[in-house]
Structures are given as structure tokens and as C-alpha cells.
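Good morning, and thank you for joining this group meeting. Please look at the sequence and the structure as I show them.

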Amino acid sequence: MAVPVRPSWLGFTRLRLRAEQPLSLGPLDMNFRVKAGGVHGDLPPYEAFPLGGTNSVRGYAEGGVGSGRHFVEGSAELRWVLTTGQRECRQHLQCWIKHV
């Protein structure tokens, strides 16, 4: 969050939150993530929240899904270990929910 020294120096305030909760269920590991953000005030287009990219919706370029003044993003990840002899192979499954 931005706090202006003088009101004329600030045209907008941006707030971004992120929460993450891991959960271990025996050989399975689950990870839940929620991100949200919002902007108050005059927002230049290049400061909008981009949706897409490696930290958001994989398979899309950053901003490829869209952009906006407010967003809520959630994901759940399930990981498990496959043991094959001496080697260990990690597998995972992911699910995303987006709302703009």
C-alpha cells in the first residue's frame, strides 16, 4: 500500500494480498494458494494487474488472459512421489480458478 507524503504525488493506491497453505496427507502433499488485489484511484493502463504467465495461468503469456483493476486468483496443487527402484519421480496436478 502506498501512502503519499503529499496528496498530489499519488494518483492511485494498489493493494495486493497472497495466502498459501500447505497440507501433508501421508504420501500426498497439497498446496492451496489465493491471490487478490485491487486499485483505488486513477490507474494508468500499464499498472493494471496482468493475468497469465508462469506465476498465474501457465500456458499464457503475462497479461495474455487479460488485465484489470481488481482480481481474485486461486489454485490448488496436489503432489505425490512415485518410487521406482532407486529413483524417485515427483508428479503433481494443478487446478486454477480465476475471477476478474
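This is a predicted model: local features need pLDDT of at least 70, side-chain atom pairs count only at pLDDT 80 or more; totals for chains, interfaces and linings use all residues.

Residues are numbered from 1 along each chain as its sequence is written, and side-chain values use heavy atoms, with hydrogens and water left out.

The chain has zero helices and six strands; strands are DSSP runs of E with at least two residues, helices are runs of H or I with at least four, and both are numbered from the N terminus. Buried residues make up 20% of the 100 residues, where buried means under 20% relative accessible area with a 1.4 Å probe, protein chains only.

Rolling a probe the size of a water molecule over the atoms shows where empty space is left. A pocket, on a 1 Å grid over the protein atoms alone, is an open set of points where a 1.4 Å probe fits, with protein on both sides within 12 Å along at least five of seven lines; lining residues have an atom within 4 Å of a point.

The largest pocket has a volume of about 240 Å³. Of its 14 lining residues, Arg-16, Lys-35, Pro-50, Asn-55 and Ser-56 are the closest to its centre. β3 gives the largest share of this lining, three residues.

The volume of the second largest pocket is about 200 Å³. Twelve residues line it, and Arg-18, Arg-33, Lys-35, Asn-55 and Glu-73 lie nearest its centre. β2 (28–41) and β5 each supply at least two residues of that lining.

Notes
Grid points are joined across faces, edges and corners, and a volume is the space filled by probe spheres set on the points. Buried means under 20% relative accessible area, exposed over 50%, partly exposed in between (1.4 Å probe, protein chains only).
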